[in-house]
Amino acid sequence: MAPPKLDPWSSPSEWHRVYHLLYSPDQTLKREGLSFIKMWASRSQRLPLSVECTGELVAASLESGDTNAQISSYSLAIIRFVNGHIDRAQGGVFARSVASVAVDLGIPDWMIDIRHDATHKSLPCLGRLRMAAEYALGWLEEKYWKPQSLCLENAGLKVQECLGAYVELQGRLADMRREGKKTNKTEITLRVEQISSLSQYELTLLSERLVGCLEKTSFSFDIWKPLLVQLNKNKPHVLAHLIYEICKSYSSKFQYRQNIITFISSFISENLFGDLCKEQYSLYVDTLLKSQNNDQTRQLSSMILNHCSEKVVGKYSKLRDLLNILYLPKSDIIAPPCSDISNLTDNLRAAIKNLENISSSKTTDRISRFVKCSEEFWECLPLGSTPDSIFPCLDVEQSEDGVCEELGVLTPPTENCDISMDIDLDQGDLSESSRGITKSQLVQIASSVRILDDLD
């Protein structure tokens, strides 16, 4: 069995939107359509050829400025359009000529001539290229966009008819049960199997139609339960897409919110979620909270995370714990013993009283960054000082007598100053007679030493 084909667009409605944007007369809308094509290219390694060609032709038509640049863009887009479709139409053992294949595809000869000139000769003029690009866009719309759109519309009608017949059958069976008549389960089983046998694309449309049913007041999970159970057995990916569409299209309508909560809770209780991996539950939760971060979306996120609680890791585990605190039922709250409450109350009162005492205290002990040192630990040049400036620039200037009194140093008489300055410079320490030297005198000594060093 071949693997399913993955389309780059998220939904048929997105494809329809891009189709109308690319063929809109408004250039702003065309640029928006081109941004979608770039996004599709990032999702898929290979886009449909017609989508790529349409994007290149539209981009060339939007280019303005240098004429040579426009000619180059148009030429590349037309060459890509002709060669791509001709190569795909080639069949058989031997290759056919480009002209013969173009006749089968409905591409005129003059388009082939423009492609030939742009490839092997000088580039055509801008007028011819614009005419060829307009024709190519029309050809792509007739051969790809319109038939594809009609196919999508037919598939939507088929899905709508199947769902309408299913709802009608369920209503008829419900009336029979109310009247006490015996019902036949064979009919509902056949109808469910018919819906399950739809194509992959039609099942994608089925998910979108089911999301629309949630907005109805008469929504009931029991009506859709047989279909959901059957899809869970045969096509579980359809239910995964259904949950994603529900999360993405979350609405602020009250009835819609209530139906979603009922649907998700019933979905979990019937074990239709299966084993969600990290990629799935993270996608659901992120989509929900990005749509509308309110009380209902947080409650739904809590339900999803609690369903796969054992596999929840990382930030989603913390989110689950926080949401459980918010939405934990009152019956599940375990009250602490009375003794613990009494101890907690006493501790709280003591903490409050301590804070009041701290706030009411007006005097605080100021701790100075300066420390008084004894004479033997005091250094002549404190850290951060220079010989030229004993006081750091941020210190408060004091008189010499104030400094000596603060440090406990006796100031010698002035006339004995020459004797007290008798210092042996060859020794590394101050002599016994130098203990009465003031700071200003030390500055002079240090300056003299520096001058002598410079003379040497």
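## Ground rules

Helices (H or I, at least four residues) and strands (E, at least two) are DSSP runs, numbered from the N terminus. This is a predicted model, in which local features need pLDDT of at least 70, side-chain atom pairs count only at pLDDT 80 or more, and totals for chains, interfaces and linings use all residues. Residues are numbered from 1 along each chain as its sequence is written, and side-chain values use heavy atoms, with hydrogens and water left out.

## A residue in a loop

N271 sits in the loop between helix 12 (254-269) and helix 13 (278-291). Its phi is near 60°. That is a positive value in a residue other than glycine. N271 counts as exposed, at 52% relative accessibility. Exposed means over 50% relative accessible area, buried under 20%, and partly exposed in between (1.4 Å probe, protein chains only).

## Helix 9 against helix 11

Two packed helices are described by the angle between their axes and the distance between the axes. Here the pair is helix 9 (residues 200-213) and helix 11 (residues 236-248). Their axes come within 9 Å and cross at roughly 40°. Helix 9 is therefore oblique to helix 11. Axes are lines fitted to C-alpha atoms, for helices over the stretch in contact, and angles run from 0 to 180 degrees between N-to-C directions. Angles under 35 degrees count as roughly parallel, over 145 as roughly antiparallel, 65 to 115 as roughly perpendicular, and the rest as oblique.

The crossing of helix 9 and helix 11 is right-handed: the near helix is turned clockwise from the far one by less than a right angle. Which residues of the two helices meet? Helix 9 brings Q200, L203, T204, S207, E208, L210 and V211. Helix 11 brings H237, V238, H241, L242, E245 and I246. Contact means heavy atoms within 4.5 Å. The residues of this contact divide into six nonpolar, five polar and two charged. Ala, Val, Leu, Ile, Met, Phe, Trp, Tyr, Cys and Pro count as nonpolar, Asp, Glu, Lys and Arg as charged, and the others, Gly among them, as polar.

Is H85 buried or exposed? H85 is buried, with a relative accessible area of 8%. This residue belongs to helix 4 (residues 67-89). Not counting residues up to four places away in sequence, H85 touches L49, S50, C53, L105, W139 and L140.

L140 lies in helix 7 (residues 126-178). At 0% relative accessibility, L140 is buried. Leaving aside neighbours within four places in sequence, the contacts of L140 are Y23, S50, C53, T54, L57, F81, H85 and W145. L140 and S50 are 90 residues apart in sequence. In space they are 6.5 Å apart, C-alpha to C-alpha.

## Salt bridges

How many salt bridges are there? The count comes to 12. A salt bridge is a side-chain nitrogen of Lys or Arg within 4 Å of a carboxyl oxygen of Asp or Glu. One of them joins R96 and D104, with the closest N and O atoms 2.4 Å apart. R96 is partly exposed at 36% relative accessibility, while D104 is exposed at 54%.

R128 and D117 also form a salt bridge (3.8 Å, N to O). This pair links distant parts of the chain: R128 is in helix 7 and D117 in helix 6 (residues 109-120), 11 residues apart. R128 is partly exposed, with a relative accessible area of 32%. D117 is buried, at 17%. R320 and D321 form another salt bridge, their closest N and O atoms 3.3 Å apart. R320 is buried, at 12% relative accessible area. D321 is partly exposed, at 38% relative accessibility.
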